[in-house]
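User: Hi! I am new to reading protein structures and would like to go through one with you. Could you start with a term I will need, and then show me how it applies?

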Amino acid sequence: MSRVGIITFHCADNFGAFLQVYALQEFVRKFESDVEIIDYRPNELVLPYKEKIDFGKQMRRRGTLWATLSLAKSILRQTKNYSGIKRRSDKFSEMRQKYLCLSEKTYLNKVELARAEVSYD
């Protein structure tokens, strides 16, 4: 039996990313392979999918009034939607833990991934 490590962007909180990695995992598993999804979560991939406020971007906008209003709008939107966003994120985390064969270690950058002592065929 061969050992296969899959590296893909599996940690976005959307059904497309989840279904893509799950389908690939199950397809490879049909060939009697031991499959593992390498849990690679670098900030440059994860952060764009998280609801966040870019204070620097808001303050660089022209006009102090516009920047202040835009920043206040972002804060209110996040506060209003926080519980829904958190609930969605928790559900996707549960699905990943339940249905995906994730590696034990989570890799947060290329250096950690390059130094990983793993053996895949």
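Analyst: Happy to! A salt bridge is a side-chain nitrogen of Lys or Arg within 4 Å of a carboxyl oxygen of Asp or Glu. The idea behind the term is that side chains of opposite charge can pair when their charged atoms come close. Before we apply it, note that this is a predicted model, where local features need pLDDT of at least 70 and side-chain atom pairs count only at pLDDT 80 or more, while totals for chains, interfaces and linings use all residues. Residues are numbered from 1 along each chain as its sequence is written, and side-chain values use heavy atoms, with hydrogens and water left out.

User: How many salt bridges does the structure hold?

Analyst: There are 6 salt bridges. One of them joins the side chains of Glu36 and Arg3, at 3.5 Å from N to O. Arg3 sits in strand β1 (residues 2-6) and Glu36 in strand β2, so this pair ties together parts that are 33 residues apart in sequence. Strand and helix names follow DSSP runs, numbered from the N terminus: helices are H or I with at least four residues, strands are E with at least two.

User: Where are the partners of the salt bridge between Asp13 and Arg96?

Analyst: Asp13 is in the loop between β1 and α1, and Arg96 is in helix α4, 83 residues apart. Their side chains meet at 3.0 Å, N to O. Asp13 and Arg96 are both buried.

Glu26 is partly exposed at 25%, and Arg29 is partly exposed at 34%.

User: Now the nonpolar side. Which residues make up the largest nonpolar core?

Analyst: First the idea: a nonpolar core is a set of buried Ala, Val, Leu, Ile, Met, Phe, Trp, Tyr and Cys residues joined through side-chain atoms within 4.5 Å. Here the largest one has 9 residues: Ile6, Phe18, Val21, Val28, Val35, Ile37, Phe92, Leu100 and Leu102. Helix α1 (15-29) and strand β2 (33-40) each supply at least two of its residues. The largest share of this core, 3 residues, comes from α1.

User: What is Phe92 in contact with?

Analyst: Contact means heavy atoms within 4.5 Å. Leaving aside neighbours within four places in sequence, Phe92 is in contact with Asp13, Asn14, Phe15 and Phe18.

User: How do I read an aromatic pair?

Analyst: Rings of Phe, Tyr and Trp (its six-membered ring) pair if their centres lie within 6.5 Å; planes under 30 degrees apart count as stacked, over 60 as edge-to-face and the rest as tilted. The whole structure has 5 aromatic pairs. Among them, Tyr22 and Tyr99 are edge-to-face, 6.2 Å centre to centre with 80° between the planes. This pair links distant parts of the chain, with Tyr22 in helix α1 and Tyr99 in helix α4 (residues 64-99), 77 residues apart. Tyr22 is partly exposed at 30%, as is Tyr99 at 39%.

The rings of Phe27 and Phe31 have centres 5.2 Å apart and planes at 75°, so they are edge-to-face too. Phe27 is partly exposed at 48%, whereas Phe31 is exposed at 57%. Finally, Phe18, Tyr22 and Tyr99 form one aromatic cluster.

User: How many disulfides does the structure hold?

Analyst: The count is 0, where a disulfide means a pair of cysteine sulfur atoms within 2.5 Å. Cys11 is buried at 7% relative accessibility, and Cys101 is partly exposed at 28%.

Definitions and conventions: Buried < 20%, exposed > 50% of the residue type's maximum accessible area, 1.4 Å probe, protein only.
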